[in-house]
Amino acid sequence: MQAIICDLDNTLYDENIFVESVCYAFCTRYGLDSSLVAPILADDFRLSSKDIFGDWLKSFDFYTKSRQEELFNLYQSHPAKLHLYEDAHAFLAYAKERGLKIGILTNGSLQAQAHKVKLLGLDKSAHIAIEYARAEGAAYEKPHINAYKRILQKLGVESSACAFIGDNPRTDILGANNAGLYSIWLKRGYARLMPCDFAHVEIEHFAQAQAFIESRF
């Protein structure tokens, strides 16, 4: 194995911390009760919603198109305090020490994802290649094979020499399999509740990924 590629949201850090901070800021701006934030953080809500901010605003009858746009703009710029999961931080350090190339491949708005990368301090890590899957348009985000081809090209490795670690079976794991990478499903966040019987390996902690790499490679 020559490289490890990771998803970002709910893989390397807890996205709920960011969403919660954004929604609290929005509630403060409008004088809304902060208890309104809780539903958007629930697993069931995230699993069922295809438009989390629009659906959240509708849940307490506060939706307008302009407010949704305002909330999303806040999501792309809010100065929340973010940090990597402890096990993710340790794993990235391990991968670097072991001489593995490291990449991050993330879906979502380019501005929002770049903002989160900066908040996490990952933009200062010269040894980590970052690829924004939406760079070629939303249609080419994970699980589209083009997104994986671009990050593999940045890393200069073949898919057969690379593993992908992600939390979402529908995007991360399916796409990794289709692109010929070794797929490792990290079962955390709301996506842990999704059905998945096609990952090469299932883990619940990055230490398990490290142990797997040591035992197999």
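Domain bounds, as used here, come from an automatic or database domain assignment. In this predicted model, domain 1 (3–14 + 82–216) and domain 2 (15–76) both contribute residues to the lining of the largest pocket, so the pocket lies between them.

The space in this largest pocket amounts to about 1,100 Å³, and 34 residues line it, of which Arg46, Lys50, Asn107, Gly108 and Tyr190 lie nearest its centre. The elements that supply two or more residues to the lining of the largest pocket are the helices α2 (43–48), α3 (52–59), α4 (65–75), α6 (110–119) and α8 (169–179). By kind, the lining residues divide into ten nonpolar, eleven polar and 13 charged.

The cysteines form a second topic. A disulfide is a covalent bond between the sulfur atoms of two cysteines. When the whole structure is searched, zero disulfides are found. Cys23, for instance, takes part in no disulfide, and the nearest cysteine sulfur, which belongs to Cys27, is 6.7 Å away. For Cys196, the closest cysteine sulfur is that of Cys6, and because the two sulfurs are 16 Å apart, they are too far from each other for a bond.

Are these two cysteines, Cys23 and Cys196, buried or exposed? The table gives the relative accessibility of each, and since buried means under 20% relative accessible area, Cys23 counts as buried at 0%, and Cys196 likewise counts as buried at 12%.

| Cysteine | Relative accessibility | Class |
|---|---|---|
| Cys23 | 0% | buried |
| Cys196 | 12% | buried |

Definitions and conventions
Residues are numbered from 1 along each chain as its sequence is written. This is a predicted model: local features need pLDDT of at least 70, side-chain atom pairs count only at pLDDT 80 or more; totals for chains, interfaces and linings use all residues. Side-chain values use heavy atoms; hydrogens and water are left out. A disulfide is a pair of cysteine sulfur atoms within 2.5 Å. Buried means under 20% relative accessible area, exposed over 50%, partly exposed in between (1.4 Å probe, protein chains only). On a 1 Å grid over the protein atoms alone, a cavity is a set of points where a 1.4 Å probe fits but cannot get out, and a pocket is an open set with protein on both sides within 12 Å along at least five of seven lines; lining residues have an atom within 4 Å of a point. Grid points are joined across faces, edges and corners, and a volume is the space filled by probe spheres set on the points. Helices (H or I, at least four residues) and strands (E, at least two) are DSSP runs, numbered from the N terminus. Ala, Val, Leu, Ile, Met, Phe, Trp, Tyr, Cys and Pro count as nonpolar, Asp, Glu, Lys and Arg as charged, and the others, Gly among them, as polar.
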